[in-house]
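Dear colleague,

Here is the structure I said I would pass on. My notes follow below it.

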Amino acid sequence: NKVDLLIDGPTTYDAMFAAIESAKDHINMETFIIENDEIGQRFANTLIAKQTSGVQVNLIYDSVGSISTPSTFFDALKASGINVLEYNPINPLVTRKGWQVNQRDHRKLLIIDGQIAFVGGINISSVYSSGSFGRSKTTKNKQPWRDTHLRMEGPVVSEFQKLFMATWSQQKGEALAA
């Protein structure tokens, strides 16, 4: 396995966008928070462009973590053909059997073509847009949120792929292409 340490949001996002751009077959993404802000829109636009080009995109997002993201954000993704799955919806009309309010999906996982995986603590939010040691315009000159991510290649990626597929199945997502 090859592992690269990504020390902050800008480094992580740069590596993620480069990997997404290189995708040829599929992209599986799982996140706790995806916001309708500058970073969230950049991800949405990039994922929609890949879906439109023939790369299948599958997204799992947490209902509580992304509670402030409007449904129209996800509607645009779905309209492009992206498979979107809400983890443990808090809407009582779409809750699943065995639902518990505290059962959340804090995982942040991105898999490109089953060959590259990203995992760590960075959500899809402009809160992470500044470097680890700078000030952020979006946080009114306070220290930005600091977290770390990993970029991996090698046999370990298949284990993350299995984890994504298991979560998709457990949440009763529609069958995905093999």
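Ile111 has Ala117 in β6 as its bridge partner. The two strands concerned, β5 (residues 109-112) and β6 (residues 116-120), run antiparallel and are joined by four bridges; strands here are DSSP runs of E with at least two residues, helices are runs of H or I with at least four, and both are numbered from the N terminus. Two strands count as paired if DSSP finds at least two bridges between them. β5 and β6 form a hairpin with three residues between them, and Asp113 in the turn has a positive phi of about 55 degrees.

This is a predicted model, in which local features need pLDDT of at least 70 and side-chain atom pairs count only at pLDDT 80 or more, while totals for chains, interfaces and linings use all residues. Residues are numbered from 1 along each chain as its sequence is written, and side-chain values use heavy atoms, with hydrogens and water left out.

On its other pairing, β6 is joined to β7 (residues 149-153) by five bridges, and these strands run antiparallel. Val119 stands opposite Leu150 in β7, and Leu109 stands opposite Val119 in β6.

The sheet as a whole is open and has seven strands in the order β1-β7-β6-β5-β2-β3-β4, with mixed pairing. Its edge strands are β1 (2-6) and β4, each of which pairs on one side only. Direction ignored, neighbouring strands are turned by 10 degrees against each other on average.

At the β4 end, β3 (residues 56-62) and β4 (residues 83-87) run parallel and share five bridges. Tyr61 has Glu86 in β4 as its bridge partner. Together with helix α3 (residues 71-79), β3 and β4 make a right-handed β-α-β unit (with the strands pointing away from the viewer, the path from the first strand over the helix to the second runs clockwise).

Helix α2 (residues 38-52) packs against α3: their axes come within 9 Å and cross at roughly 15 degrees. Axes are lines fitted to C-alpha atoms, for helices over the stretch in contact, and angles run from 0 to 180 degrees between N-to-C directions. The two helices are therefore roughly parallel to each other (angles under 35 degrees count as such). The contact, meaning heavy atoms within 4.5 Å, is made by Gly40, Gln41, Ala44 and Ile48 of α2 and by Phe73, Ala76 and Leu77 of α3.

Regards

Methods
Parallel < 35°, antiparallel > 145°, perpendicular 65-115°, else oblique.
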